[in-house]
Amino acid sequence: MLASDRRYGGESGVARIEFHNVTKVYDGKNRVIEKLNLKVEEGSFTVLVGPSGCGKTTALRMIAGLESVTEGRIFIDGADVTDREPGKRDIAFVFQNYAIYPHMTVRQNIEFGLENARVPGAEREEIVGSVLEMVGLQEYANSLPSKLSGGQRQRVALARAVSKKPRVFLMDEPLSNLDAKLRNQMRTELIELHQKLGSTFVFVTHDQIEAMTMGQQLVIMDGGKVLQKGTPREVYASPNCVFTAQFIGDPGMNVHPLGDEAMFGFRPRAARFSAPEGCFVRMGARAVTREILGADTLYCFKTPYGRDMVKSELDDVAPDDEVQLYIPVGAFAFFEKDGRRVADPERERTLMERLRSRHE
């Protein structure tokens, strides 16, 4: 934790964020957000995830006050902030491009906001020293951003945000400009930072792996709407629609039509090369590609339904090999024609029997 307990622009503690029927329309016709109702729990690490253009960044910017709200209201800890200026919302925003001042040293970048808040010099020095230590940049305090790596520049942006001691941290794809190794490192550091601060984190990404590894709560968005909210385990194990099933997972769920009225799906890791205990569905398959990922191997197979991905610890199936795939009955998910998860257990059993009858 930071050495000083002083706060700037708000009361101490963490904040809950709520969207009440929020709509955002650009140019009077382009609806980016449609009647969004969402609660971000206080102290959570919540990730808004979805493809480009799904509305996640717009939602984040509306929390910050950087985008106006066309309809509806936004609340932070019960207070209506819909029309409140950004500087009076007690939030910190970390941008994708870092947004640090290139002509200022690391120390000056962090001090800038504290000076504007008229924090006394001695206290300012204490805060800067604390956050530099927290992000591991003590030895770079007098360096210009041009002398730092991408990961170090991102830490400067985080240190500047932390120095404000906000109740809410908003982060818009802050790791997208880093290479793979640095992204992995920064993911760990952000999780640790959240644990230290206990503030409410709202993180935007299009990378579902990033979302799964960092988020306590995932908010899956598409077309300006929330499709599913839950823990990473919940949305992976029990997707409520085809979009979530195929978007979440590395790779996503294999999904195929089952007649004209429904669809079925299974996770790539569910398929086996030998018969498991209990009931299963067996289907013939021909290996198309093989990608050795280290401990796992990712295969693409041609099956009676098209192309299916399989993830396995075994790496001895070569392209063009003919194999039998075995999928346990409990690994299947069923969806209605419109993409919604089948909710009726009896209908699910009927669809399962229909699928099994095809492979007897």
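Mentor: Let's start with a word we'll keep using: a residue is buried when its relative accessible area is under 20%, exposed when it is over 50%, and partly exposed in between (1.4 Å probe, protein chains only). This is a predicted model, so local features need pLDDT of at least 70 and side-chain atom pairs count only at pLDDT 80 or more, while totals for chains, interfaces and linings use all residues. Residues are numbered from 1 along each chain as its sequence is written, and side-chain values use heavy atoms, with hydrogens and water left out.

Trainee: What makes glutamate 111 count as buried or exposed?

Mentor: Its relative accessible area is 12%. That is under 20%, so glutamate 111 is buried.

Trainee: Where is glutamate 111, and what does that element's name mean?

Mentor: Glutamate 111 sits in helix α2. Helices (H or I, at least four residues) and strands (E, at least two) are DSSP runs, numbered from the N terminus. The chain has nine helices and 17 strands.

Trainee: Which residues does glutamate 111 touch?

Mentor: Skipping residues up to four places away in sequence, glutamate 111 touches Arg124, Glu125 and Val128. A contact here means heavy atoms within 4.5 Å.

Trainee: Which residues of α2 are buried?

Mentor: Val106, Asn109, Ile110, Glu111 and Leu114 are. What covers the buried residues of α2 includes α3 and α4. Just after α2, arginine 118 has a positive phi of about 60 degrees.

Trainee: How do you know that glutamate 125 and arginine 107 form a salt bridge?

Mentor: The rule asks for a side-chain nitrogen of Lys or Arg within 4 Å of a carboxyl oxygen of Asp or Glu. Here the N to O distance is 3.2 Å, so the pair passes. The two partners lie 18 residues apart and link distant parts of the chain: glutamate 125 is in helix α3 (residues 121-134) and arginine 107 in helix α2 (residues 106-116).

Trainee: Why do such side chains pair up?

Mentor: Side chains of opposite charge can pair when their charged atoms come close.

Trainee: What are glutamate 125 and arginine 107 called: buried, partly exposed or exposed?

Mentor: Glutamate 125 has 42% relative accessibility, so it counts as partly exposed. Arginine 107 has 22%, so it gets the label partly exposed too.

Trainee: Why does the pair of glutamate 261 and arginine 354 count as a salt bridge?

Mentor: The closest N and O atoms are 4.0 Å apart, and the rule says within 4 Å, so the pair counts. Glutamate 261 is in the loop between β11 (254-258) and β12 (262-266), and arginine 354 is in helix α9 (residues 345-358), 93 residues apart. Both residues also belong to a network of salt bridges, linked with Glu336 and Arg347.

Trainee: How many salt bridges does the rule give?

Mentor: The count comes to 20. One of them joins arginine 349 to glutamate 346, with the closest N and O atoms 2.6 Å apart. Those two both lie in helix α9, three residues apart, about one turn of the helix.

Trainee: What makes a group of residues a nonpolar core, and which members of the largest one touch the most others?

Mentor: A core is a set of buried Ala, Val, Leu, Ile, Met, Phe, Trp, Tyr and Cys residues joined through side-chain atoms within 4.5 Å. The largest has 44 residues, and Phe169, Met171, Leu190, Leu193 and Phe203 touch the most other members. Helix α4 (residues 150-163) supplies its largest share, six residues. A second, separate core of 28 residues includes Met62, Ala64, Ile74 and Val81.

Trainee: Which residues does leucine 190 touch?

Mentor: Setting aside residues up to four places away in sequence, leucine 190 touches Phe45, Leu158, Met171, Leu175, Phe201, Phe203 and Met214.

Trainee: How much of the chain is buried overall?

Mentor: Buried residues make up 49% of the 360 residues.
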